[in-house]
Amino acid sequence: MQNSDNIVAYMDDYGKVVAKVPRNFYQGKCDYFYISDNVDFYHDCVISQVEENNDTINYHLSIPCDLKIGTLYYLVDNHGIQTPIQYRFIVKTQQFDKEFYYDGNDLGPRYYSDHTDFALWAPTANKVVIEIENGDNTYLYSLVRCEKGVYRIRVDKNLQYATYVYYVSVNGVVNKTLDPYAISATSNGERSAIIDWSLLEDKFGDKNCIEVKHYNDAIIYECSVRDMTSLYSSGTNTSSLFISMCEEKTSYNGYATCLQYIKELGVTHIQLMPVSDFATVDENHSKRMYNWGYDPVDYMVLEGSYSTDPNDPYARVREFLHLVNTYHKHGIRVNMDVVFNHMFDVNHSMLHKCVPYYYFRYNRQGYISNGSYCGNDIDSCSLMTRKYLVDTVKMFMNCYGVDGFRFDLMGIIDVDTMNQITKQAKLINPNAMIYGEGWNMPTSIDDSIKSTSYNNFKLDGVAFFNDYFRDNTKGRTADDCRYDQGYLSGNYGKIKEMKSALIGNTLMEGYDYIYNNPNHSINYVECHDNQTSWDKLKDCCKDSVREVRLAKHKLLLASVMFAQGIPFIHSGQEFCRTKLQYSNTYNKPDTINGMDWARRCNYNQIVEYTKACIAIRKQFEAFKLNDCETIKKEVSFVEHDNVLEYIIRHDDQVNNISEVKIIFNPTSVQKYFNYDDSYNIILDEKGLITNGLCSKVIVVDPYSCVVSIR
């Protein structure tokens, strides 16, 4: 029998095969087909439909018998030509998931001092071989196929420092691949590694961190492991590593930097930009390249360029664990930015190599979905994909003590998967935070099941980045909207939108409604995407002098801190971080992306102002109302010629006050307000007023806000 690449055969459903025959092969004409395993099985097929295309003739074949998935079958035509039958869209059927869904918790390697158990889910594979390197020795073992398509083997050796790869024989080819459930690897993802957790430090836990009863108890500070210490001004002894972020008492020109600075700022959480293994930085020569890390190759393995030795699989594990422990020790929780919406490259993905076509989403025409605009979409609706995402979250929480997860392009992921992730995360740690980008991405699932902002009522315990808040306080952020202004940057016509933003878009009548709970709204004006706020103000307020732009910048920071919902700051935002007007710096060098701590010194006044806003938010309950009914009852607004009075009448017995009043004045005119009752003014354009100022008259300078209490 002759093998041929001319005919391609796919099993797209139970009992169905599609054969694609090119017209230049016997004019595309085939009279009959049969299936064989080249051993002792063969069975004739029935041609049920013929589709004629320009280049191929497609034969839809019915197979009047049951085939055993995981067996390598061949399709043979009347010319005596055979081709392997590829298990394709059959893996997308409910029957396949029912037959092969595996709910065990033992996938991957399980290390013991005298043996290691390996388990790989690969139901369409006909053979799996493991290659283990242990010191100077190399071993090859065939795994045994067990229930639910899981291949297993126990190796009776001490594999404490061993590495390995799998050879998965599937669809007529042999794929060399890493283990999707391994938690470490050698540099650039060459080999999976076995980790003995007894060699690593114990976790400090989160005993020094705040309790997150509600998400709006958190104040999130987004930062990059590399950016925080890539420049000399960081004052650290090492740079761009997990351990660099842990160096204590660092400074530049007498001002605190890095960990010490974050502690003094007063935030409750850091959100690390992607730290899972990504593609476009050579881990052995990391300074030659830059990338944010939104190009994942391995969800469970940490990025090696952030470790002191990318070729030591223990280094990245030990050092990230130390990072989490260190921040916990100082009372700061750690959230991870995870990119569960796509992989860097489908064909080179270990998921695709282990079970082709299963883990990625395809449209009705059979083409790979690209709602992420990154070349592919993860198919979170497939049960084992969902399990893999849930298991990844559980692993980072159980093994490293991670406190929460920010989901990049969360709209690619379906509602059921996000709800399962949230449920499992809360079971491990009730303080866990789950949130992400709720944009409606054009992935090939129905809008009703996407994890988007407008489906927030289906996602209890999931928060969303509020781009409405960003666009209406600061101005829209796209490159063609550089000159667009929000209420606080000069467009006073957006005063209604400002009111909607300050209540986290939680009320319907008279407002723009999005969220059914203020804990769903992450309020921000700047993140790693798009221009920094300071760069944006240079464009949209180009006619304003620098002092006015500085004042507007402070207004933006204040709006984030005093709004209902969850405040979010991008690192360096509070000292006018600049990226030289670039809007998308994902692959720009350290000179553009690195944290310039000299600016922290030069803009210390704004840093102190931000600290004051954070301290006020943390102190007063009025900024942390937890349901729409309370907001409707206790929050009101008064407009005064483009100036907005934001009033929260909340009985705060801890601070013995009943009302907080914030007046935003984005205009160029000083405003005076007279009241029947006296108010204690606690913040103005200069920052915190420590002794308070009690008066019936409140003066609000141009481009500033005043916070008062009574």
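Helices (H or I, at least four residues) and strands (E, at least two) are DSSP runs, numbered from the N terminus.

Before we go on, a word about the model: it is predicted, local features need pLDDT of at least 70, side-chain atom pairs count only at pLDDT 80 or more, and totals for chains, interfaces and linings use all residues. Residues are numbered from 1 along each chain as its sequence is written, and side-chain values use heavy atoms, with hydrogens and water left out.

Back to the helix. From its first C-alpha to its last, H6 reaches 25 Å, close to the 26 Å expected at 1.5 Å a residue; the expected span is 1.5 Å times one less than the number of residues. Just after H6 you will find Gly-401, with a positive phi of about 80°.

Now look at the largest nonpolar core, which has 206 residues. A nonpolar core is a set of buried Ala, Val, Leu, Ile, Met, Phe, Trp, Tyr and Cys residues joined through side-chain atoms within 4.5 Å. Trp-121, Phe-320, Phe-407 and Phe-562 touch the most other members. Helix H6 (residues 383-400) gives this core its largest share, 10 residues. Apart from this core lies another, of nine residues, including Tyr-675 and Tyr-679. Leaving out residues up to four places away in sequence, Phe-407 touches a group including Val-338, Phe-340, Val-393 and Tyr-435, where contact means heavy atoms within 4.5 Å.

Tyr-435 also turns up beside Asn-335, whose contacts beyond four places in sequence include His-269, Asp-403, Phe-405 and Tyr-435. Asn-335 sits in strand E25 (residues 333-338) and is buried, with a relative accessible area of 0%. Between Asn-335 and Asp-627 there are 24 Å in space, C-alpha to C-alpha, and 292 residues in sequence.

Charged pairs come next. The structure holds 34 salt bridges, each a side-chain nitrogen of Lys or Arg within 4 Å of a carboxyl oxygen of Asp or Glu. In one of them, Arg-361 meets Asp-379 (3.7 Å, N to O). Both residues lie in the loop between helix H5 (350-354) and H6, so the pair ties together parts that are 18 residues apart in sequence. Arg-361 and Asp-379 are both buried. Another salt bridge joins Glu-659 and Lys-661 (3.4 Å, N to O), and both of these residues are buried too. Through shared partners, salt bridges join Glu-645, Arg-649, Glu-659, Lys-661, Asp-677 and Arg-710 into one network.

Finally, turn to the surface. Tyr-672, in strand E34 (residues 671-684), is exposed, with a relative accessible area of 53%. Together with Val-697 and Val-699, Tyr-672 makes a nonpolar surface patch of about 250 Å². Patches are made of residues with over 30% relative accessible area and no salt bridge: like charges are joined within 9 Å, and nonpolar side chains (Val, Leu, Ile, Met, Phe, Trp, Tyr) within 5 Å. Accessible areas come from the Shrake-Rupley method with a 1.4 Å probe, and for residues only the protein chains shown count as cover. Thr-591, in helix H12 (residues 590-593), counts as exposed at 64% relative accessibility. Thr-591 and Asp-227 are 364 residues apart in sequence and 9.5 Å apart in space, C-alpha to C-alpha.

Methods:
Buried < 20%, exposed > 50% of the residue type's maximum accessible area, 1.4 Å probe, protein only.
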